[in-house]
Amino acid sequence: MTYKEHILQRARNKELVVGVIGLGYVGLPLAVGFAEAGVHVIGFDKNQQKVEKINSGENYIKDVRDAALREVVDNVTFNATTDFSKINQCDALLICVPTPLDRFKKPDMSYIQSACEEIGKHMKPGTFISLESTTYPTTTEDFMLPIIEKESGMKHGDDFWLAYSPERVDPGNKNFVTKNTPKVLGALTEDGLEVGQAIYQFAIDNIHPVSSPRVAEMVKILENTYRLINISLINELALLSGKMDINIWEVIEAAKTKPFGFQAFYPGPGVGGHCIPLDPFYLEHIAKKFQFDLSMIHTAGHINMRMPHYMYIKIATALNRQKKAVNGSKVLFLGVAYKPNIDDERESPALEIIDTVIQKGGEVSYHDPYIAQIKTGEGNALKSVSLDEKALKEADCVVITTNHSVFDAQLIEQHAKLVVDMRNVIKEASETVYKL
């Protein structure tokens, strides 16, 4: 029996063991999805605290149901470990590790490299491997493949299969979760694609195969760069509209009445999360190797990088019109999550604005019902304060940086001396409410 026949038979008999490397916002929901389908899952993570929480049935990802995690752990269909030698028990390995940028805005491939090295050291012949982390096109074949072959002494196509299937996690989305979000899959060989579909079908309703990993890698970049460019466009128009005394929010609502050729994007203090702020730099990195200049994407990325600075200027201007300086003013930020109703502050523009206000002498506090404490890029550590009439009245300026649905616009407008609303929570501008 060939390796392909063996793994397909194990899939048909539900005897597969799937390993998920990286148990964060992408990996944990995926692991639970496989386990709920009756597939045995081993979760790998170097963070001992995460592993202990999972094995005790304690959930730390909001998009995973507490009861679902407890059930799969209790039924022993899912367990977590820091022991990467257990990779040799797995038929399939799905890599869901972070892919941040370094301080020079270059892709930090160390997490993917480490995962590939561990896989190469421990995997058994006949293993299917898929990367889910956001990265640049050609990563799978040019970066991962040589590492795995070198560490394992095995040959791709004969002894293992390699693929790329980009994660499509949207934290806080109630309609689309891991299972019912269509999944793109590209493998280096036809056999790898067939094996990958047989594995992923346990956790994903709809799989869309493409011709190669580099196509799948570009799909992920396209999806997020599309959003980046449109967000940067509306942010730039919002800044111009402010100078022209035009309400950009009214403009968007009117444009939305066109039944074709327009999709609404909304302005804000910048972009955050684990994808949109990073993807343009991943694409720029690989484009340089092909002597290609991504002028539109480069411009869009830098427009959004500058938005937190523009938002600081808006705060300073609003205070100035009240005959106050930022230095010595009490500034209360409402929301530090990068999008509404989630507990994720990764790359949130609010953190950068907070750092700037602190640097300029402002006395900063924040309230976020989902995030109890933060540490900013400049190392400023803050804890969320209560939001009540007293807190609003004591602040010289209240800055709305995230439009959490629990925020009471009427309460804020009634008790705050000055509001800078970057998310259209308060619908009408006034002498004390400044809009983006």
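## Exercises on helix packing and the sheet

Helix α11 (residues 295-321) and helix α12 (residues 349-359) pack with their axes 9 Å apart, at an angle of about 50 degrees. The model used in these exercises is a predicted one.

**Exercise 1.** Classify the packing of α11 and α12 by angle, and state the hand of the crossing.

*Solution.* Step 1: take the angle, about 50 degrees. Step 2: compare it with the cut-offs; under 35 degrees would be roughly parallel, and 65 to 115 roughly perpendicular. Step 3: α11 and α12 are therefore oblique to each other. Step 4: their crossing is right-handed.

**Exercise 2.** Name the residues through which α11 and α12 meet, and sort them by class.

*Solution.* Step 1: α11 contributes Met305, Pro308, Met311, Tyr312 and Ile315. Step 2: α12 contributes Pro349, Glu352, Ile353, Thr356 and Val357. Step 3: the classes come to 8 nonpolar, 1 polar and 1 charged residues.

**Exercise 3.** Repeat the analysis for helix α2 (residues 27-36) and helix α4 (residues 66-74).

*Solution.* Step 1: the axes are 10 Å apart and the angle is about 55 degrees. Step 2: that angle makes α2 oblique to α4. Step 3: the crossing of this pair is left-handed. Step 4: Leu28, Val32, Ala35 and Glu36 of α2 make the contact with Ala68, Leu69 and Val72 of α4. Step 5: by class there are 6 nonpolar residues, no polar and 1 charged.

**Exercise 4.** Describe the aromatic pair of Phe128 and Tyr200, and place each residue in its element.

*Solution.* Step 1: the ring centres are 6.5 Å apart, with 90 degrees between the planes. Step 2: the pair is edge-to-face. Step 3: Phe128 lies in strand β5 and Tyr200 in helix α7 (residues 190-200), so the pair ties together parts 72 residues apart in sequence.

Key: Residues are numbered from 1 along each chain as its sequence is written. This is a predicted model: local features need pLDDT of at least 70, side-chain atom pairs count only at pLDDT 80 or more; totals for chains, interfaces and linings use all residues. Side-chain values use heavy atoms; hydrogens and water are left out. Axes are lines fitted to C-alpha atoms, for helices over the stretch in contact, and angles run from 0 to 180 degrees between N-to-C directions. Helices (H or I, at least four residues) and strands (E, at least two) are DSSP runs, numbered from the N terminus. Angles under 35 degrees count as roughly parallel, over 145 as roughly antiparallel, 65 to 115 as roughly perpendicular and the rest as oblique. A crossing is left-handed if the near helix is turned anticlockwise from the far one by less than a right angle, and right-handed if clockwise. Contact means heavy atoms within 4.5 Å. Ala, Val, Leu, Ile, Met, Phe, Trp, Tyr, Cys and Pro count as nonpolar, Asp, Glu, Lys and Arg as charged, and the others, Gly among them, as polar. Rings of Phe, Tyr and Trp (its six-membered ring) pair if their centres lie within 6.5 Å; planes under 30 degrees apart count as stacked, over 60 as edge-to-face and the rest as tilted.
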